[in-house]
Amino acid sequence: DAVESVPALVVGSGYGGAVAALRLGEAGIRTVVLEMGRLWNTAGPDGKVFCSTSAPDRRSMWFRTRTEAPLATFLWLDVVNKDISPYPGVLDRVRYDHMSVYVGRGVGGGSLVNGGMAVTPLQSYFAEQFPTVDTAEMYRTYFPRARSMLGVNTVDPAWFESTEWYRFTRISRKHATNTGLKTTFVPSVYDFAHMQREAAGTATRSALAQEVIYGNNHGKRTLDKTYLAAALGTGNVTIHTLEKVRSISRAPDGTYVLTADRIDDTGTVVGTKEYGCRYLFLGGGSIGTTELLVRARESGTLPALDPSVGTGWGANGNVMLGRANHLWDTVGENQSTMPVMGIDDWANAANPVFAEIAPLPTGLEHWVSLYLAITKNPERASFTYDSGSGAVRLGWSAAQSAVSVGMAKKLFDRINRANATIYRYDLFGSGNKVFADDFTYHPLGGCVLGRATDDYGRVKGYPRLYVTDGSLVPGSIGVNPFVTITALAERTMARVLVEDTAP
Ligand code: FDA
């Protein structure tokens, strides 16, 4: 195919990509977004766009023959995962040696599959992680802008206290309170008015119908309904789906040249496209963007990239675990898939942890309290390039995960002691594994702000090349990350559109 030349290209349509696309479009700059996943707007034979976690089909995962859900087993039984046929499904699990990274695939990136928790980090921790960023300006301007654009709202406390759908959360809160720990409500991009109608039987159920990691058919304000809809509305933005960017180089005139593989529903490469652009924004996520840049530096297509590209990666200290409750502490057979509360022990300097109270909706009473703990794990890893295979590897080790486990265990040992309860041993495969420490929902870093880039996401050594996604965050942010990623992208775009795009 011939080279398609556009003023601006954006790689990826997650948070970082969506913010870039909207602000470029508003500035009157013609922009093409390249997204390797599909557009999720067409119903399947069952009348639904997405499948539920209880009945996954080919729409669930990115080119798999069997689903790979985070909870592998229940009562040690292999009842969770199902055989599926390969298809560009919405959730991917990218496997490295000792760490799997879950990511969303499709127009909207992670917003399609995530739990919708829209948390603004503690200002002091943000300042610690981003010492060169004007923190006051972030909290005055860019965090509020991000929350308002994303449609963040909070659960009605009275409804929360009374509904069966959050009984599981109230039980975990009780056990935290018994331990002397603090809990806090967390905002969400799931529309709670819709959720209350679901509970009342006046709206089609989504969060109340076990829909989340394979997509929500209703209720969630995903990026295709917020930033990306607005971007398309400018008339300047086009999104190309099922196009995976393979390489980036620079032409002698200083424009960027991208090669993208066009894939079909079977994953077969049906064509290759070349794009040329003056401005290039990378929003492929921590994994997607870092892999592209490490490969570009090491294979020599962008040789002047800073040595810090590919370093500073962390899993936001993620650890998942379950506790077994007493028989009288029922969690309910009905559970909303959208978490609304966390156990906040971040202020405990000896062992900072923020643990989200996670649902485990099975339609049965199971007495399990599930958590996704975010620990302040200081370990970081780097990516390396294998010139033989062209593969990019992540050097994260099992010992680095053990640091997160140690921190989560300290907190939950306290909770178990205070409530005379124990852990669940049956949820994460064979071997009585209590702490799932081999995957993350929160990949962060790889192209850290102020190291691989300047203080605004401009990639060092390459004018008009920008990173706007989770790879800017140095491995840890202490809470669920998408509000931070969105706010940082807003900050980058505000600066770049003023300073870099003069004709
Ligand atoms: P993001 O991953 O969103 O987008 C990258 C996009 O680029 C993807 O669509 C990808 O397909 C595309 N892409 C990558 N490489 C490409 C290439 N070479 N060519 C073309 N396209 C390419 N966070 C939170 O704050 N609250 C929460 O409740 C949760 N819950 C949660 C649950 C689950 C199951 C997951 C997997 C994740 C979460 N998260 C979360 C994390 C959150 O979703 C995540 O931090 C953001 O989506 C990251 O945004 P980015 O813009 O960095 O990339």
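# Salt bridges and the ligand shell

Q: What makes Lys273 buried?
A: Lys273 has 15% relative accessibility and therefore counts as buried, a label for values under 20%, with exposed meaning over 50% and partly exposed in between (1.4 Å probe, protein chains only). The structure is a predicted model, in which local features need pLDDT of at least 70, side-chain atom pairs count only at pLDDT 80 or more, and totals for chains, interfaces and linings use all residues. Residues are numbered from 1 along each chain as its sequence is written, and side-chain values use heavy atoms, without hydrogens and water.

Q: Why do Lys273 and Glu4 count as a salt bridge?
A: Their side chains meet at 3.5 Å, N to O, and the term asks for a side-chain nitrogen of Lys or Arg within 4 Å of a carboxyl oxygen of Asp or Glu. The pair joins distant parts of the chain, 269 residues apart: Lys273 is in strand S9 (residues 269-282) and Glu4 in strand S1 (residues 3-11). Strands (E, at least two residues) and helices (H or I, at least four) are DSSP runs numbered from the N terminus. Glu4, at 26% relative accessibility, is partly exposed.

Q: How do you know that Arg458 forms a salt bridge with Glu499?
A: The closest N and O atoms of Arg458 and Glu499 are 2.7 Å apart. Again distant parts of the chain are linked, with Arg458 in the loop between strand S20 (444-446) and strand S21 (465-467) and Glu499 in helix H10 (residues 482-499), 41 residues apart. Arg458 is buried at 17%, whereas Glu499 is partly exposed at 45%.

Q: How many salt bridges does a search of the whole structure find?
A: The search finds 28. Arg64, Glu68, Asp92, Arg95 and Arg105 are linked in a network of salt bridges.

Q: Which backbone atoms of Met117 lie 2.7 Å from a nitrogen atom of the ligand?
A: A backbone N or O atom of Met117 does, and that distance is inside the polar-contact limit, a pair of N or O atoms within 3.5 Å. Gly470 has a backbone N or O atom 2.8 Å from a ligand oxygen atom. The protein covers 95% of the 1,000 Å² of accessible area that the ligand has on its own.

How values were computed
A polar contact is a pair of N or O atoms within 3.5 Å; within protein, one must be able to donate a hydrogen and the other to accept it, and residues adjacent in sequence count only if both atoms are side-chain atoms. Accessible areas come from the Shrake-Rupley method with a 1.4 Å probe; for residues, only the protein chains shown count as cover.
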